[in-house]
Amino acid sequence: MTSRANVNGEHAIRPPPNHHHHRHQPHTHSHYQSGGSYSSSSASFKGCCCCLFLLFSFLALLVLAVVLIVVLAVKPKKPQFDLEQVGVQYMGITASPSTTVDGNPPSPTSASLSLNIKMLFTAVNPNKVGIKYGESRFTVMYRGIPLGKGVVPGFYQPAHSVRQVETTIAVDRANLLQADAADLIKDASLNDRVELRILGEVGAKIRVLDFTSPGVQVSVDCAIVISPRKQSLTYKQCGFDGLSV
């Protein structure tokens with residue numbers, strides 16, 4: 001602190017220089033630079049996210065365009081999967097002791113059905129590209145009662161080709177009770193015909209290069225009639241319930 005005489009001879013006290021104020025300036029400037037760097041990094045991150053989003057959107061549209069071009073060029077058709085032949089290897093029916101109720105004719109209380117049939121399917125691929133089939137399962141039924149199942153393993157079928165696959169359904173003493181048992185005995189002994197129904201789902205996918213289309217399900221519904229005396233097939237009619245994706 002210093003003093004200086006004025007015109008009247010009085011001494012005036014001069015305050016010391018404010019060094020603290022000058023020292024604080026660089027700190028404020030440094031804080032401003034740090035805030036600017038943070039804002040710049042945030043903007044760069046948002047810009048990068050926008051670029052990635054645009055890139056993925058472009059790739060998705062490109063894949064969709066390629067799929068549409070392939071579909072329009074290939075024009076995929078429905079594959080055919082038909083039950084060609086049914087071979088009856090064995091069919092046996094065993095009835096339990098009959099009972100008489102209120103003077104009515106005696107009827108069996110239960111019956112067991114043993115069956116062994118071999119089914120031959122024909123797969124036709126009319127498309128310009130190959131078809132990949134998944135594992136298919138078929139169920140044989142009598143009057144809505146499941147008796148047994150058969151499996152056709154998955155396979156690949158080339159374009160414009162015909163392939164045959166087979167499976168065997170073995171039923172070992174499937175039990176039927178009361179009314180169903182009576183109907184089975186009547187059909188076999190009096191009419192010499194046992195009508196069965198075969199249901200199944202066939203899954204197929206069209207394959208172009210390394211691209212596989214979404215799965216398509218074809219429902220198979222066949223009615224067959226077997227003669228227990230002749231141990232042979234006497235009637236067969238198949239149909240498709242349609243396609244479902």
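The model is predicted: local features need pLDDT of at least 70, side-chain atom pairs count only at pLDDT 80 or more, and totals for chains, interfaces and linings use all residues. Residues are numbered from 1 along each chain as its sequence is written, and side-chain values use heavy atoms, with hydrogens and water left out. The chain has 245 residues, and 29% of them count as buried. Buried means under 20% relative accessible area, exposed means over 50%, and partly exposed lies in between (1.4 Å probe, protein chains only).

**Confidence**

- The chain has a mean pLDDT of 78, and 69% of its residues reach 70 or more. pLDDT is the predictor's confidence in each residue, from 0 to 100.
- Among the elements, strand β8 (residues 136-142) has the highest mean pLDDT, at 93. Strand β1 (residues 2-5) has the lowest, at 51.
- Residues 26-32 have pLDDT below 50, and this stretch has zero contacts in the model beyond near neighbours in sequence. A contact means heavy atoms within 4.5 Å.
- Residues 241-245 also stay under 50 in pLDDT. For them the model has twelve contacts beyond four places in sequence.

**Fold and core**

- The chain holds two helices and 15 strands. These are DSSP runs, numbered from the N terminus: helices are H or I with at least four residues, strands are E with at least two.
- Of the contacts between residues at least 6 apart in sequence, 66% join residues at least 24 apart.
- The largest nonpolar core has 40 residues. Such a core is a set of buried Ala, Val, Leu, Ile, Met, Phe, Trp, Tyr and Cys residues joined through side-chain atoms within 4.5 Å.
- Which residues touch the most other members of this core? They are F81, I117, M119, F138, L147, L196 and I198.
- Strand β6 (residues 110-125) gives the largest share of this core, seven residues.
- In soluble globular proteins, nonpolar side chains tend to be buried together.

**Surface**

- The accessible surface of the chain is about 16,300 Å², and 59% of it belongs to carbon and sulfur atoms. Areas come from the Shrake-Rupley method with a 1.4 Å probe; for residues, only the protein chains shown count as cover.
- L52, L55, F56, F58, L59 and L62 form a nonpolar surface patch. Together they have about 600 Å² of accessible area.
- Patches are made of residues with over 30% relative accessible area and no salt bridge; like charges are joined within 9 Å, nonpolar side chains (Val, Leu, Ile, Met, Phe, Trp, Tyr) within 5 Å.
- L62 is in helix α1 (residues 19-74). L62 counts as partly exposed because its relative accessibility is 42%.

**Salt bridges**

- The whole structure has six salt bridges. Each is a side-chain nitrogen of Lys or Arg within 4 Å of a carboxyl oxygen of Asp or Glu.
- R143 pairs with D183, with the closest N and O atoms 3.9 Å apart. This pair links distant parts of the chain: R143 is in the loop between β8 and β9 (145-152), D183 is in helix α2 (residues 178-189), and they are 40 residues apart.
- D183 is partly exposed, at 27% relative accessibility. R143, D183 and D187 are linked in a salt-bridge network.
- D221 pairs with R197, with the closest N and O atoms 2.6 Å apart. D221 is in strand β14 (residues 216-227) and R197 in strand β12 (residues 194-208), 24 residues apart.
- D221 counts as buried because its relative accessibility is 18%. R197, at 42%, counts as partly exposed.
- R173 and D172 form a salt bridge at 3.4 Å, N to O. Both residues are exposed.

- T168 lies in strand β11 (residues 161-177). T168 is partly exposed, at 41% relative accessible area.
- Beyond four places in sequence, T168 touches Q89, N116, I117, K118, K149 and G150. T168 and V88 are 80 residues apart in sequence and 10.0 Å apart in space, C-alpha to C-alpha.
- R143 has a positive phi of about 50°, although it is not a glycine.
- Q231 has a positive phi of about 55° and is not a glycine either. Q231 is in the loop between β14 and β15 (232-244), and is partly exposed at 26% relative accessible area.
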